[in-house]
Amino acid sequence: MNRALTMRIERTLDGLAVAAIQDALGVQAPALLRPTTDARHGDYQMNGVMPLAKQLGRAPRELAGPVAERLAAHPAIAKAEVAGPGFVNLTLADAWIAERLCASLADPRDGVPEADARQRIVVDYSSPNIAKQMHVGHLRSTILGHALVQLLRFQGHEVIGDNHVGDWGTQYGLLIAGLRADGGDDARAAALTLPELEGIYKQASARAEHDEAFAADARRELAKLQSGDAANRALWERFVAVTRIELDKVYARLGVTFDWWKGESFYDPMLPGVVDTLLARGIAREDQGAVCVFFGEWDGAPPKLAKQTTPFIVRKKDGAFLYSTSDLATIEHRASLGIDRGVYVVDSRQAQHFEQLFAVAAKLGHRMQLEHVGFGTVLGKDGKPLKTRDASGKVLTLASLLDEAEARAEAEIRREGLDVPESELTEVARAVGIGAVKYADLRQNRLSDYQFDFDKLIEFKGNAGPYMQYAAARVGSIFRKGEVDEAGLAPTALTLTEPAELALARQLLRFADVLHAAADTAQPHLLTDHLYAVAREFSSFYEACPVLKAEGDVRQARLALTALVGRQLRRGLSLLGIDAVERM
RNA sequence: GGAGCCAUAGCUCAGCUGGAUAGAGCACUGGUCUACGGAACCAGGGGUCGGAGGUUCGAAUCCUCCUGGCUCCGCCA
């Protein structure tokens, strides 16, 4: 077992426990090793003996004894005790903990090994529409998706972040017709701004509701666009370019990036082929003029889908394609590029669409690992979905939300009288405001809805973004004040004796396990929980144990702990897409 | 008509591949400290985990039913 691998403590101990069961009892069984929820039960507990005893018809405590004995012999384990109905409680050896921490200090990856198998992964996230401003509805996908990309990349995977923008479809016929009806010429088109574009769309779509001639115009313009008409194509390109300018501004503020911008238009030429294949393979059939997949007619369809009487439509009766078709083409295209895994960071309400999509992809023979990373709705303080427009009907844009976050952060920094020079105030307020919004989102279990409350998320205490940034800044300040070169710390041994030192050390030891769990399950809140626990343990430690005032080995050990805290906080925040600041 | 999600402390939320006395933040109460950044630390009160059954050595977690909120599903994405 190499050194890096043993940084994943939980996995290492689980392996030891399985081996101990095998050795002591001569059977292969899951160890069910978990961190304890109560420090009185040690650091990790093994629950596997109880079900095993049941299975063998033996007394659990009787079986647990010899297993514990074998575990206790390992240098990592100071104590292995049988407790309760048959738990085996493990307490790690202080010296071993210290040794692990030294190794992570010496490791440029802070002790986090890469994943065992490297994959090529595409992550779909953000996905706004062309000709519309981003609104609060895009917040979670954008923040969560970007964090996930970085977590997976840190695991060593080859990750492609893809912004699958809505840049194709019926709305472009409406926009072109609307612009023309509005007396729009080339000059007008060239000077368009995004809010104007949005206004034109709103009017045009309202007009098409009751004005049949106009609606027919829009359909004609759409057809021309789709058949490659040069003038309409130029207008469409203009729409895309105008929107892109505004999108790029928002992404720059958020620090969010993409590797691909393969929007729906990119897949348009492949759509007829997708439908042909589905028909030819007998996966879809025509019904009432539309081409549909009926899961109830499949052999071995997922039971949930089989009960569904409504079909998965891939071509409308008017011949137009849908996003289902486009999503299938996307999978097809990615498969041809040798992508192993596709991750979709999209609202949970689309769960059924993805189940259907993935089922069809599997039926087509695709082996790609496909995952829908769903998330809940952002709610207002009233517990209802956050409105995308205010009472007057004005769109509540993502940009305006970020403006408010920054303004509130600046006000808070002034109010608290923090250590921020006037010249850096704007930049610090930006980092704090944006960081607070991101942290508030990421610390939540993604599947549940969450209440968006500016008053809480800008608070400089508790489990909130600014508190984490503050903790990181404070660590930096210790090294500055002590004139200690943080990077130069490379102890080969640490003396940890104080309870506060050991409690902090044990928390730091979890970093690698947590990062992998967060990435594997697409749950960044596991990482925020860890970072918050580190920050809290650090505060207790800092209160109880003088660092700069200590001497000799004690000082060295405390500096090493402090350095690790700083590294985990900075690394963690950075992976989540949150900027740390030097001073605040 | 079919499918799915949610209900945990006053508030916002963790915990849900079953494990030991259900955790955190905020709020509240009390305490510490002439302070290596007090945006601190320590301690405390507060929950029949929506209800009722069931499976199990063990259920917030799994199963069934009920109540109350919410979402999705034939031609938007």
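Reply: β3 and β4 form a hairpin with 3 residues between them, and Gly84 in that turn has a positive phi of about 55 degrees. This is a predicted model, in which local features need pLDDT of at least 70, side-chain atom pairs count only at pLDDT 80 or more, and totals for chains, interfaces and linings use all residues. Residues are numbered from 1 along each chain as its sequence is written, while chains are lettered from A and ligands numbered from 1 in the order in which they are written.

Helices (H or I, at least four residues) and strands (E, at least two) are DSSP runs numbered from the N terminus, and two strands pair if DSSP finds at least two bridges between them. Strand β3 (residues 77-83) runs antiparallel to β4, joined to it by 6 bridges, and Glu81 stands opposite Asn89 in β4. β4 also pairs with strand β2 (residues 44-46), in the antiparallel sense and over 3 bridges; here Gln45 is the residue that stands opposite Asn89.

Of the 6 residues of β4, 5 are buried, a residue being buried if 20 or more other C-beta atoms, placed from the backbone, lie within 10 Å of its own.

β4 (87-92) is also among the elements that each supply at least two residues of the surface near RNA strand B, where near means that a residue's C-beta atom, placed from the backbone, lies within 6 Å of the strand. In total 72 residues surround RNA strand B, and Thr310, Asn445, Gly462, Ser477 and Ser539 are the closest. The most is given by α19, with 8 residues.

Key. Buried ≥ 20, exposed ≤ 12 C-beta atoms within 10 Å, placed from the backbone.
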